[in-house]
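Welcome! Have the sequence and the 3D view ready, and let us walk through this chain together.

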Amino acid sequence: MAEPFWTENRFLPFSGFLCYLVGFPFPMKKIAIINGPNLDRLGQREPEIYGRSTLADLEQALRAEVAGKEVELEFFQSNHEGAIIDRIASLAERKFSGLIINGAALTHTSVALRDALLGAGIPAVEVHISNIYRREEFRQRSLTAPACLAVITGLGLEGYHAALRFLLKR
Ligand code: DQA
């Protein structure tokens with residue numbers, strides 16, 4: 001019996017190109033999740049404020065949320081300002097489509113982090129696990145918020161999910 005014409009070997013060399021053409025309007029979305037200083041100790045650190053889930057739990061839950069979708073998630077945590085700034089620059093180079101950032105304490109202090117976000121130009125959502133406006137006065141000021149599209153604060157880890165959904169819908 002004759003094969004359907006599209007399975008014939010002579011079309012094989014073009015199949016990659018065809019997939020590229022079909023996929024072209026729907027490129028894989030790449031979203032980064034960056035967590036700043038002390039968030040590596042999530043689950044152990046002040047659990048009455050930040051809860052008992054760990055960063056690994058968060059990663060697992062966010063990965064489960066995008067399972068089967070054309071989405072790539074990249075997670076990064078550092079206690080070092082410069083490492084976070086280098087990572088943001090690398091996301092811009094690698095054409096990431098969105099960034100979820102919890103700069104932790106750097107939120108309130110780092111002009112360098114704000115400049116990195118502005119310079120990268122990646123649509124970013126700032127997330128805080130706790131409600132920074134219900135806490136000490138020094139936490140109620142964010143230097144990085146003006147460099148982000150939105151801020152989610154006080155929803156616990158749910159804030160990261162909300163940010164992810166928002167960035168994926170854009
Ligand atoms: C935090 C709030 C910051 O003030 C604090 O320094 C953190 C965590 C939050 O997620 O609620 O480390 O960003």
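## Helices and strands

Helices (H or I, at least four residues) and strands (E, at least two) are DSSP runs, numbered from the N terminus. The expected span of a helix is 1.5 Å times one less than its number of residues. Helix H6 (residues 158-169) has twelve residues and spans 17 Å from its first C-alpha to its last, close to the 16 Å expected at 1.5 Å a residue.

What you see is a predicted model, in which local features need pLDDT of at least 70, side-chain atom pairs count only at pLDDT 80 or more, and totals for chains, interfaces and linings use all residues. Residues are numbered from 1 along each chain as its sequence is written. The chain has six helices and five strands, and along the sequence they follow the pattern α-β-α-α-β-α-β-α-β-β-α.

A residue is called buried if 20 or more other C-beta atoms lie within 10 Å of its own, exposed if 12 or fewer, and partly exposed in between, with C-beta atoms placed from the backbone. Across the chain of 170 residues, 27% are buried.

Which residues of H6 are buried? They are Gly 159, Tyr 160, Ala 163, Leu 164 and Leu 167. These residues lie on the same side of H6 because they cover an arc of only 135° around the axis, where the arc is that of the directions from the helix axis to the C-beta atoms. On the face turned away from this buried side, you will find the exposed residues Arg 165 and Lys 169.

Two residues are in contact if their C-beta atoms, placed from the backbone, lie within 7 Å. The cover over the buried residues of H6 includes strand E1 (29-35), helix H3 (55-66), strand E3 (98-102), strand E4 (124-128) and strand E5 (150-153). Take Ala 163 as an example: leaving aside neighbours within four places in sequence, Ala 163 is in contact with Ile 100, Val 125, Val 127 and Ile 152.

## A residue in E1

Now look at Ile 34, which sits in strand E1. Why does Ile 34 count as buried? Because Ile 34 has 25 C-beta neighbours inside 10 Å.

Again leaving aside neighbours within four places in sequence, Ile 34 is in contact with Phe 76, Ile 84, Arg 87, Leu 99 and Ile 101. Ile 34 and Glu 74 are 40 residues apart in sequence, and their C-alpha atoms are 8.4 Å apart in space.
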